Amino acid sequence: MRYFGRRWELSVGGVRVGTPLSIGFEVEKNLAKEPNTATIRVYNLAESTRRLVTEETTGNGRTRVELSAGYEGQTGAIFLGELDSAYV
């Protein structure tokens, strides 16, 4: 299903993907001392992009994840954190 004017962008380390790929995400805001969490699913990534994401997630350091979403010309960050696990 397409939603008129909606845009999103996901950055995993140095890999950036976005609209028009299909995405599903759940972001849980936590007011306690525990960090917020997100489950993000991206569908139909090209094999080369999946390979890049895998390379980003197997490094020794922590992999930064940023998810922005909104409407054309009005997107904003809704999640910023570190990658816990990835399945490609």
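The largest nonpolar core comprises 11 residues, namely Trp-8, Leu-10, Val-12, Val-15, Val-17, Leu-45, Val-53, Val-65, Leu-67, Ala-69 and Phe-79. Two or more residues of this core come from each of strand 1 (6-12), strand 2 (15-18) and strand 5 (64-71). A nonpolar core is here a set of buried Ala, Val, Leu, Ile, Met, Phe, Trp, Tyr and Cys residues joined through side-chain atoms within 4.5 Å. Buried denotes under 20% relative accessible area, exposed over 50%, and partly exposed the range in between (1.4 Å probe, protein chains only). Helices (H or I, at least four residues) and strands (E, at least two) are DSSP runs, numbered from the N terminus.

The model is predicted, with local features requiring pLDDT of at least 70 and side-chain atom pairs counted only at pLDDT 80 or more, whereas totals for chains, interfaces and linings use all residues. Residues are numbered from 1 along each chain as its sequence is written, and side-chain values use heavy atoms, with hydrogens and water left out. The pLDDT, which is the predictor's confidence in each residue on a scale from 0 to 100, averages 83 over the chain, and 90% of the residues score at least 70.

Contacts (heavy atoms within 4.5 Å) were examined for Val-15, a member of the core. Leaving aside neighbours within four places in sequence, Val-15 is in contact with Leu-10, Thr-49, Leu-52, Val-53 and Glu-56. Thr-49 counts as buried because its relative accessibility is 19%. Not counting residues up to four places away in sequence, Thr-49 touches Val-15 and Val-17.

Strand pairing was assigned where DSSP finds at least two bridges between two strands. Strand 1 pairs with strand 5 in the antiparallel sense over seven bridges, and within strand 5 the residue opposite Trp-8 is Ala-69. Strand 5 is also joined to strand 6 by eight bridges, again in an antiparallel arrangement. Glu-66 has Leu-80 of strand 6 as its bridge partner. Two residues separate strand 5 from strand 6 in the hairpin that they form, and Gly-73 in the turn has a positive phi of about 85°.

Side chains of opposite charge can pair when their charged atoms come close. With a salt bridge taken as a side-chain nitrogen of Lys or Arg within 4 Å of a carboxyl oxygen of Asp or Glu, the count comes to four. One of these joins Arg-7 to Glu-72, with the closest N and O atoms 3.1 Å apart. This pair links distant parts of the chain, since Arg-7 belongs to strand 1 and Glu-72 to the loop between strand 5 and strand 6 (74-82), 65 residues apart. Arg-7 is partly exposed at 33% relative accessibility, while Glu-72 is exposed at 57%.

A further salt bridge connects Glu-47 and Arg-50, whose closest N and O atoms are 2.4 Å apart. Both residues lie in helix 1, three residues apart, about one turn of the helix. Glu-47 is partly exposed at 45% relative accessibility, and Arg-50 is likewise partly exposed, with a relative accessible area of 28%. Arg-64 and Glu-66 also form a salt bridge through their side chains (3.7 Å, N to O). Glu-66 counts as partly exposed at 26% relative accessibility.
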